[in-house]
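I opened this model to look up salt bridges and pockets. My entries follow in the order I made them.

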Amino acid sequence: MEVGLIGLGNMGSGIAKSLLRSGHRVTVYNRTRARAEALRSDGANIASTPAEACRGEAVITMLADDAAVEAQVFGRDGILTSLAKGAIHISCSTISVALSDKLTAEHAKVGQEFVAAPVFGRPDAAEAGKLAVVAAGPKAEIDRYNTLFEAMGPKLWVVGDKPSLANVVKLTGNFLIATVLESLSEAIAFARKSGVDAAGLMDFLTSTLFNAPVYKTYGGLIVQGKYEPAGFALPLGLKDVRLVLQAAESQSVPMSIASVLRDRFLTAMARGNEHSDWSVLGRVAAEDAGLPAAKKAGA
C-alpha cells in the first residue's frame, strides 16, 4: 500500500521499518527532518510537510500526546485538509478518549475514515514487527487495511466500531503496567533492604508466580537500575496516568490507585528523572527506603 507515517520517535521509526520490510511504500514526516532522513536508506520517501505524507491510501500517526496529534491533524498543511476523501487516518498514538471522539467526528465531516489503533510494546518490538495492536472503527476499513496491522505485529484485537474504545483499552493497559512498575519498585526495595538478592528474587518470581513479559522486562530494568536510555519516557507515563484519570472521571469511575500513581510519577519528575524510562519508579522507591542506587549486576 501507499501509506504515510507522521511521527518518528522511537516507536514511529520502528513501525516505519516494519512497514517497509513488509513491502509497503512509506512516506515519512517528522518535525525534526533528520529522523526522517535516517529512514531513507531503508527505502522511505521523505515528506517536507504533513500534507506530502497524506497522498496515499492511508496516513498513520504515532505522536506523543493530544497536542501533537491536534497540531498535525488540524494545523497548516494538516491531515484534515490534505487527506483525500475515502482515505483513512490510523492513529497509533496514546491519546485521550475525548480527542479520539473528536477525530472520529471531524474526519467524518470531510468524508475521511478514522480508525484508532494504539499499540502495546517497546521500541525493539516496533522495529521487529512484534507489537500488539488494538483497533476500533468501521469493520470494513479495519479489514481493508489489515496488511498494515499485520506488518506491525502478530496480535490484533478489534474492540468494536467506535474508535475511542481502542483508546480506552490502551489506557487500561498502560494503567496496569504503571501499577506493576510501582509494586515491583516497592517489592524490590523491601527485598534489598531486608538482605534478599534482588536479581535472584526476580528470577524466581518471573519463572513461577509472575511468568509474564511485563514482570520480566521491567523487573530486570529495576534490578539493574537501567533507566537510560528510555524506551518509554517518564513524562509519557505521567501523561497516560492523567488520561486514565480524566477518562475515568468522565464515566464516574473512581480509580484510587491511579491517583497514587500520578503522585509517584510527579515525585519522580521532581527528582530530575524526566529523561529516564518510566521504570525509574524503582529508583524513587529505593531512595525513599534509604538505599543506594542498584548496581548493574543486581543488588
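I began with helix α7 (residues 139–144), where K139 and D143 both lie, four residues apart, about one turn of the helix. Helices here are DSSP runs of H or I of at least four residues, strands are runs of E of at least two, and both are numbered from the N terminus. The side chains of K139 and D143 meet in a salt bridge at 2.7 Å, N to O; the term asks for a side-chain nitrogen of Lys or Arg within 4 Å of a carboxyl oxygen of Asp or Glu. K139 is exposed at 59% relative accessible area, and D143 is partly exposed at 46%. I used under 20% for buried, over 50% for exposed and partly exposed in between, with a 1.4 Å probe and protein chains only.

This is a predicted model, in which local features need pLDDT of at least 70 and side-chain atom pairs pLDDT 80 or more, while totals for chains, interfaces and linings use all residues. Residues are numbered from 1 along each chain as its sequence is written, and side-chain values use heavy atoms, with hydrogens and water left out.

Next I searched the whole structure and got 16 salt bridges. One of them pairs D277 with R122, the closest N and O atoms being 3.0 Å apart. D277 sits in the loop between α13 (256–270) and α14 (281–288) and R122 in the loop between β7 and α6, 155 residues apart. D277 is buried, with a relative accessible area of 0%.

I then looked up R283 and E228, whose closest N and O atoms are 3.7 Å apart in a salt bridge. R283 is in helix α14 and E228 in the loop between α11 and α12, 55 residues apart. R283 is partly exposed at 25%, and E228 is partly exposed at 39%. I also noted one network of salt bridges with shared partners, joining E182, R264, R271, E287 and D288.

Last, pockets. I took a pocket as an open set of points on a 1 Å grid over the protein atoms alone, where a 1.4 Å probe fits, with protein on both sides within 12 Å along at least five of seven lines; lining residues have an atom within 4 Å of a point. Volume is the space filled by probe spheres set on the points, which are joined across faces, edges and corners.

The largest pocket has a volume of about 1200 Å³. It is lined by 47 residues, with M11, M62, G231, F232 and L236 closest to its centre. The largest share of that lining, four residues, comes from α11.

The second largest pocket has a volume of about 340 Å³.
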